[in-house]
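Q: I have a model open beside its sequence and would like to learn how to read it. Could you take me through some features, with the general idea before each case?

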Amino acid sequence: LKMRAVGYIRVSTDKEEQAQSLENQKNLIISFIKERGFSFSDFYIDVESGTTPNREALKRLIDDVEKDKFDLVISKELSRLARNGELSHKLKNVFENHNIHMITLDGAIDTINNRQDLFGLYSWLYEQESQRISNRIKSVFKVKYQRGEFIGSIPPYGYELKDKKLYLRNDKTVEVVKLIFEKFIEGWGYDKTARHLTKQGYATPAQVAGKRNAGLYWHGSTIKKILENPAYIGDLVQNRETTISVVNKKRKQIKEEDMIVVKNTHEPIISRKDFEKVQEIIKSKNKKGRGRVKEQKHLFTNFVFCADCGTGLWYRQNRKGYICGRYAKHGKMACTQHSIKEEYLKE
């Protein structure tokens, strides 16, 4: 019986020049299969970074190993399968445990002919290459940050992006930013401000950005984020966080002294005096918050839900019972203020 062969193909992006690479990989694999007399079964194609294991086609490939759908995996080179040493070895073990062979068209690996001595070296080299590319990209971004260019696809609420520079939007969002700062200085909390903006029908940052999953309601966390953003005094603070490594995509905060601050890059919405006043209020709130005893969960927390909107009910001490969580957070715009006593539920 002919050996059943599949091709694994990966390109990093869906840009036009990468489409040519995808076709080239396909043609090379098909030609190789014909030349060696194998039986072609399928292609597994990903448009994704080689350092991540969370690729749809790669996951399908591993699932199909268990289902005995093929005998051989062919790829242009090991870096197409993985640019991550740990992932490379994991794939090698999965294939070996199910008697699946692997061939790379650069001649480095061919388990049919027992050619895999350099597997460890190649997996290490490809990971190091990815790290070097990542470092080069970070260096380029650093120069752009220092020039005061805004690097990101979504500008801060109240601004629009033109030629990598921030400009005030010609709509109500600028007034909303001013309102948020004014109310906070007056003594309003994050959630109270969020409820007010929702009630007034102001578009949320997600709605302005055109996000598909944009919600209708403002949140206290969004208010806090706006209040802490130096963009509103005309400064850009970038390089705030980074990935732990090219393999570990978890993000970590960069030390404040290593962040890149460029002052007066665009027109401010808030005065420096008001911004500093707000930061002092936030600091004092945080200090008070640290001294608080964490509120205990009550008996029916996470077990009772609003009959109207389905949101979990929140316990309120002054009512000795539970109210709709959505109402508690967003007010009458979201739901009604009905409640239920804890003692009644116990009975």
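Predicted model: local features only at pLDDT ≥ 70, side-chain atom pairs only at ≥ 80, totals over all residues.

Q: Is Ser75 buried or exposed, and where is Ser75 placed?

A: Ser75 belongs to strand S3, residues 72–75. Its relative accessible area is 1%, and since the cut-off for buried is under 20%, Ser75 counts as buried. Leaving aside residues up to four places away in sequence, Ser75 touches Tyr8, Ile29, Arg80, Leu81, Ile103, Thr104 and Leu105.

Q: How do I read the sheet around S3? What is the order of its strands?

A: The general idea is that strands of a sheet pair through backbone hydrogen bonds, either parallel or antiparallel. Here, four strands make an open sheet with parallel pairing, in the order S2-S1-S3-S4. Strand S2 (39–47) and strand S4 (101–104) are the edge strands; each has a single partner strand, so one side of each has no neighbour in the sheet. From one strand to the next, the twist averages 20 degrees.

Q: How many bridges join S3 to S4?

A: Four bridges join these two parallel strands. To find the pairing on your screen, look for Ile74, which stands opposite Ile103 in S4. Helix H2 packs on this sheet, where it touches strand S1 (4–11), S2 and S3, and its direction makes about 145 degrees with that of S2.

Q: Which residues does Asp64 touch?

A: Asp64 is a residue of H2, which covers 56–66. Not counting residues up to four places away in sequence, Asp64 touches Tyr44, Lys69 and Phe70. Asp64 is buried too, with a relative accessible area of 4%.

Q: Now the nonpolar cores. Which residues of the largest core touch the most other members?

A: As a general idea, nonpolar side chains in soluble globular proteins tend to be buried together. The largest nonpolar core here has 26 residues, and those touching the most other members are Ile180, Phe181, Trp218, Ile223, Leu227, Tyr232 and Ile270. Two or more residues each come from helix H6 (173–186), helix H7 (190–200), helix H9 (220–227) and helix H10 (272–290). H6 gives the largest share, seven residues. Take Ile180 as a case: beyond residues up to four places away in sequence, Ile180 touches Thr193, Leu197, Trp218, Ile223, Ile226 and Leu227. There is also a second, separate core of 21 residues, which includes Tyr8, Leu81, Phe95 and Phe119.

Q: How do I read H6 itself, and which of its residues are buried?

A: H6 has 14 residues and reaches 20 Å from first C-alpha to last, close to the 20 Å expected at 1.5 Å a residue. Its buried residues include Thr173, Val174, Val176, Val177, Leu179, Ile180, Phe181, Lys183 and Phe184. Just after H6, Gly187 has a positive phi of about 120 degrees.

Q: What is the pairing in the sheet of S11, S12 and S13?

A: These three strands form an open sheet with antiparallel pairing, in the order S11-S12-S13. Its edges are strand S11 (313–316) and strand S13 (339–341), each with a single partner, so one side of each is left without a neighbour in the sheet. Neighbouring strands are turned by 30 degrees against each other on average, direction ignored. S11 and strand S12 (residues 321–324) pair over four bridges, and Leu313 stands opposite Cys324 in S12.

Notes:
Residues numbered from 1 in each chain as written. Heavy atoms only, no water. Pairing = 2+ DSSP bridges. Axes fitted to C-alpha atoms, helices over the stretch in contact; angles between N-to-C directions. Core = buried A, V, L, I, M, F, W, Y, C linked by side-chain atoms within 4.5 Å. Buried < 20%, exposed > 50% of the residue type's maximum accessible area, 1.4 Å probe, protein only. Contact = heavy atoms within 4.5 Å. Expected span 1.5 Å × (residues − 1).
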